[in-house]
Amino acid sequence: KVVVNTSPVLDVQSRVRGCLVTFDDRSELDRANAQLRTTLDALEQSKRQIAQQNEELQKLALRDPLTSCLNRRSFIEQAIRLFRQAQESGVDISCVMCDIDHFKSYNDRFGHAVGDQVIISVSQALQNKLGDDGLLCRYGGEEFCVLLPNTDLGHAEQIAERMRVHVEA
C-alpha cells in the first residue's frame, strides 16, 4: 500500500510555483499491524484458555475427582472457618459422619468399578438431600462428612435421617 501526499510549493508572494509529492510505502507497516492484531487475538485466546485451566485446577484442588464432593483438605479449611464463625456468633453448627455399610463386600463381589458407582450414587443422594445448606465432603474411601451451619442437633438428626432414607431407597 502506497500513500501519496502533495503540498504546494509557494514563492514569497504566496504564488504556486510547484508541487511537492511524497510517496510513502505503508506495506510493511500494514503487515506489522496485521501481525500485531493476530498476535493480540492469539494472546486473548491464550488468556481465556489459561483462565479455564486455572478454574479446572482450582476445582481439582478443592474437590474429590470421583464424586465432586469437597475433598478432606478443602472441607477442613472451610469447617474451621465455619466453626469459628459459629463460636463467635453463638449459632449452632452440626456435623454428620456417615459411611456405606458393608462397602468392602461390594468391591469384593462386583469389583472396584461398581464400588466407584456406588460411591458416586451415594454422594449424589447425600448432596440431593443436603441442597445448598451445608458442606459435603468425601472424607475417606466410603466415608462422608456433612457440615450443617446454623443447624441444631435436632434438625441435623432430621437431615441425617432424610439422607439415610434417600440412600436406602
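Asp132 lies in the loop between H4 and S4. Helices (H or I, at least four residues) and strands (E, at least two) are DSSP runs, numbered from the N terminus. Asp132 is exposed, with a relative accessible area of 79%. Here buried means under 20% relative accessible area, exposed over 50%, and partly exposed in between, using a 1.4 Å probe and protein chains only. From Asp132 to Leu66 the C-alpha separation is 20 Å, for 66 residues along the chain.

The model is predicted: local features need pLDDT of at least 70, side-chain atom pairs count only at pLDDT 80 or more, and totals for chains, interfaces and linings use all residues. Residues are numbered from 1 along each chain as its sequence is written, and side-chain values use heavy atoms, with hydrogens and water left out.

Turn now to the sheet. It is open, has three strands in the order S3-S5-S4, and its pairing is antiparallel. Two strands pair if DSSP finds at least two bridges between them. Strand S3 (93-99) and S4 are the edge strands, each pairing on one side only. From one strand to the next, the twist averages 15°. Angles run from 0 to 180 degrees between N-to-C directions, and axes are lines fitted to C-alpha atoms, for helices over the stretch in contact.

Take the two pairings in turn. S3 and S5 are antiparallel over seven bridges. Cys98 stands opposite Phe144 in S5. S4 and S5 are antiparallel over four bridges. Here Arg138 stands opposite Phe144 in S5. S4 and S5 also form a hairpin, with four residues between them.

How do the side chains of S4 point? In a regular strand the side chains alternate between the two faces of the sheet. Leu135 and Cys137 point one way from S4, while Leu136 and Arg138 point the other way. All four are buried.

Next come the cores. A nonpolar core is a set of buried Ala, Val, Leu, Ile, Met, Phe, Trp, Tyr and Cys residues joined through side-chain atoms within 4.5 Å. The largest has 16 residues, and Ile100, Leu136, Phe144, Val146 and Leu148 have the most contacts inside it. H4, strand S5 (143-149) and helix H5 (153-168) each give two or more residues to this core. H4 supplies the largest share, five residues. Apart from this core lies another, of eight residues, among them Leu70, Ala79, Leu82 and Leu147.

Ile100 deserves a look of its own. Leaving out residues up to four places away in sequence, Ile100 touches Tyr106, Val118, Ile119, Val122, Glu142 and Phe144. Contact means heavy atoms within 4.5 Å.

H4 also packs against a helix. Helix H3 (residues 103-110) and helix H4 (residues 112-130) meet at an angle of about 140°, with their axes 7 Å apart. H3 contributes Phe103, Tyr106, Asn107 and Phe110 to the contact, and H4 contributes His112, Val114, Gly115, Val118 and Ile119. By class, the contact has six nonpolar, three polar and no charged residues. Ala, Val, Leu, Ile, Met, Phe, Trp, Tyr, Cys and Pro count as nonpolar, Asp, Glu, Lys and Arg as charged, and the others, Gly among them, as polar.

Now the charges. The whole structure holds nine salt bridges. Each is a side-chain nitrogen of Lys or Arg within 4 Å of a carboxyl oxygen of Asp or Glu. One of them joins Arg138 to Asp64, with the closest N and O atoms 3.2 Å apart. This pair links distant parts of the chain: Arg138 is in strand S4 (residues 135-138), and Asp64 is in the loop between helix H1 (27-62) and helix H2 (72-89), 74 residues apart. Both Arg138 and Asp64 are buried.

Arg72 also reaches this region. Arg72 is found in helix H2 and counts as partly exposed, at 39% relative accessibility. Beyond residues up to four places away in sequence, Arg72 touches Cys137, Arg138, Tyr139 and Gly140. Asp24 is another matter: Arg72 and Asp24 are 48 residues apart in sequence and 67 Å apart in space, C-alpha to C-alpha.

Last, a network. Salt bridges link Asp11, Arg15 and Arg17. Asp11 meets Arg15 at 3.1 Å, N to O. Asp11 also bridges to Arg17, with the closest N and O atoms 3.1 Å apart. Arg15 is partly exposed, at a relative accessible area of 42%. Arg17 counts as exposed, at 57% relative accessibility.
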